Amino acid sequence: MGTLTQIKSRSGASLLALGALIIFALPSLLVGQTTGSNEAETSKADTVYRVRPITVTVTRGPREVFRTPKPVVVLDRATIQEQNPNTITDLFRNLPGVDVSGVGVNQTRPSIRGQRGARILLLQDGIRMNNSRRQQDFGELPALVDVGSVERVEIVRGPSSVLYGTDAIGGVVNVVTRRTEAEGLHGSLSYKYGAAEDQSRWSARTFGASGKFSYNAGLTVRRAGAYEAPAGTFGNVTLANDTPVNNTGLEDKNWDIRLGLEASEGHLITLAYEGYDAEKAGFGDVSPSAFADGLPSIEILYPDQRFDKVVLGYEGSELGWSFADRVDIRGYGQDNDRVLTFGLAQSIGPGATLAVDTRNVTDITTFGFRAEARKLVSEQLLLTYGIDFSNDDAVGTDQSTTVIVGFGPPMIFEEDRPQVPNSSFQSLGFFMQGELDVTDRFAVVAGGRFQDIDAKTNETPGLDDELVSKSDETFVGALNAIFEVSEQVSLIGSVGRAFRSPNLIEWFFNGATPEGSGFQVRNPDLEAETSINVDLGLRFRNRFVEAEVFGFRNKISNGIRIEALGTDVGGFPAFQNVNVEELIYKGVEVGATGFLGNGISIGGGYTYLDSENALDPNSPVGESFSQKLTSNIRYQAPGNRFWVQYDIRHNGDQKEVNLLDNPIGDLLPSFTVQNVRAGFNLFQSRTGATHRVGITVSNLTNVLYAEASNASFFRPEPKRNMTVTYEISF
């Protein structure tokens, strides 16, 4: 569906000046993020063809990004192959408006426009991955999806509740898996080594098609140790030596198989099974003795996690029915078993210590379906409508042991009272969205959704609490418009209402928090968050530059925040999730790529984020960076023989955060990190197999730093790290 644009290589003082301006002022925001992964050299060394990126997440149908009335970025398969990330989230660090939460090989999660965890909806092929048992600030693991199975990643900045329902209040990440159309047998074998964490990852994939049958299957096995943070100073924290960041390694594996059968022309049946198994994955922590005195030692570990998912789908195209031209129906079931352990050791006086060890075992079983249809009502109007349903059933057990030493004989207290009762969370939604071409240059996309949420507690061994049932009924709508001033310039405006229902943790959790910061008191009276978001933007493109700028304002009503109650429970300060009347998030995102010719491209950018509690400006609500500046330069050799890229990212100081007595100080300090990447097509064997090698040196200057959302519970990033990947594809 994309258009092809031929770009003739040119040089000159004016173009170089423009490129210099772009590299210092604008971030790359197009497919591959200036990796050049869209570019294919022709027989002429001075000619490059670039395919325009396509998105399906915003409108549920293929649409060129330039003509999409929402801020969206697409990372394609070539970009994923080049950067070979641990999870797809690791591709987000240099994107405008996007941040990363979490550390380690598999624990990173996305943050969009200052929102993270349950306010970001994670999708796989349009099916929600979020479940209602995750902590508010965590969200589901993108690592559940093997990066080798991913065709592209689409990131929508801003709410998308009309099409996808609850949780899409800050943004959407849609992981689109690979489809097979090529006849015959194909596949790849790859190995990745990471020096800092001693990572070893093996991956094998095979895919192909024969007549009406297609398949795609893969297996990835990985083992990694805990990495080290470099010596240095970050705020008031100083590490005298390279220091281990405990529990950042793991052993895990992904596997998947996807089958397709074209029952008849325009009728495709698909069946997919995928699984994930992880051991010894951790939250990440630095021993306090390395940088401060008197702080508690905290360890959060996921000793075991097992995830299984089955999806059965039907896709009908060019149907010509009175109510639909295209139909997509998918039913799915998944089971997510995980173990969480929490350990705290704290000095409570001369010769006296307090040690707390807890263990939570949770099993979340989910089933659901999504059915949607598209109908071209007229030459100007395309309707998308449908229904989706999901049901989470969560059961769990908790065990806790507290030991106090130093006041006579050791005092031991044991508790097996569940912190969250066995409970269920059910969601049913009806949606409709229309795309109207008012004129050849002006288009409007508008829609609405009715959503019903029902949550309830069930009989739970060890609990005699009164059973609780909660219900939310919400209507949301959105209006998006795009006006193409010319082939080079388009103007975008959107306004939409989104919502997020409280999850099972927010409604029903009653116990010590995993971070050891206090005791959380349950609040079944929480109401759903709602938001009004406004976006205004401009996109520009010609043969040499592609750029966009967006400004946004997102007002969240009944925002859910955790607040101190001013009392103690079991010796811990008491906290509770409460509704805050008005939270406001606003910012500016600017991005561009410049093509200088002779295989050289440049990009760069700037992001500004601001957040406030409107009724209590002195209560900081920031959970991400305040400003981010990125730039990069890339060279792609003729014939795609090799490429090399240098990028740099600067995050500014962040003051709008609640650090309390954090040893970092009263603000999150700025940092600058640099990376160098390169890839080489080595040779093609007689059998037609292509051999490639990729090399990345990250944190080139070996600085000590932590991403904004990882700094308050100090979890720094790795020291200088070299990653090498070898791939054979056939």
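Helices (H or I, at least four residues) and strands (E, at least two) are runs assigned by DSSP and numbered from the N terminus. The structure described here is a predicted model, in which local features need pLDDT of at least 70, side-chain atom pairs count only at pLDDT 80 or more, and totals for chains, interfaces and linings use all residues. Residues are numbered from 1 along each chain as its sequence is written, and side-chain values use heavy atoms, with hydrogens and water left out.

We can start with the strands. Strands of a sheet pair through backbone hydrogen bonds, either parallel or antiparallel. Here, two strands are said to pair if DSSP finds at least two bridges between them. Strands E21 and E22 pair in the antiparallel sense over 13 bridges, and Asn254 stands opposite Tyr276 in E22. These two strands, E21 and E22, form a hairpin with two residues between them. In that turn, Gly266 has a positive phi of about 85°. On to the next pairing: E22 and E23 run antiparallel and are joined by 15 bridges, with Lys309 in E23 as the bridge partner of Glu274.

Another sheet is found elsewhere in the chain. It is an open sheet of three strands in the order E7-E8-E9, with antiparallel pairing. Its edge strands are E7 (98–101) and E9 (115–116), each of which pairs on one side only. Four bridges join E7 to E8 (residues 109–112), and Asp99 stands opposite Ser111 in E8.

Which strand supplies the largest share of the nonpolar patch? That strand is E21, with three residues, while E21, E22 (267–282) and E23 each supply at least two. The terms used for exposure are buried (under 20% relative accessible area), exposed (over 50%) and partly exposed (in between), with a 1.4 Å probe and protein chains only.

Charged side chains come next. Side chains of opposite charge can pair when their charged atoms come close. A salt bridge is a side-chain nitrogen of Lys or Arg within 4 Å of a carboxyl oxygen of Asp or Glu, and by this rule the count comes to 47. In one of them, Glu251 meets Arg223 at 3.5 Å, N to O. This pair links distant parts of the chain, 28 residues apart, with Glu251 in E21 (residues 250–264) and Arg223 in E16 (residues 213–224). Glu251 is partly exposed at 25% relative accessibility, and Arg223 is exposed at 54%. Asp256 and Arg258 also form a salt bridge, at 2.9 Å, N to O; Asp256 is buried at 5%, and Arg258 is buried at 12%. A further salt bridge brings Glu315 and Arg326 together at 3.7 Å, N to O. Glu315 lies in E23 (residues 297–316) and Arg326 in E24 (residues 326–349), so this pair ties together parts that are eleven residues apart in sequence. Glu315 is buried at 9%, whereas Arg326 is partly exposed at 36%. Salt bridges that share partners also join Arg113, Arg157, Asp535, Arg539, Glu548 and Glu589 into one network.

Finally, we turn to the interior. In soluble globular proteins, nonpolar side chains tend to be buried together. A nonpolar core is a set of buried Ala, Val, Leu, Ile, Met, Phe, Trp, Tyr and Cys residues joined through side-chain atoms within 4.5 Å. The largest has 42 residues, and Ile88, Phe92, Val153, Ile155 and Val173 have the most contacts inside it. Its largest share, four residues, comes from E23. A second, separate core of 22 residues includes Val237, Val245, Ala706 and Ala711.
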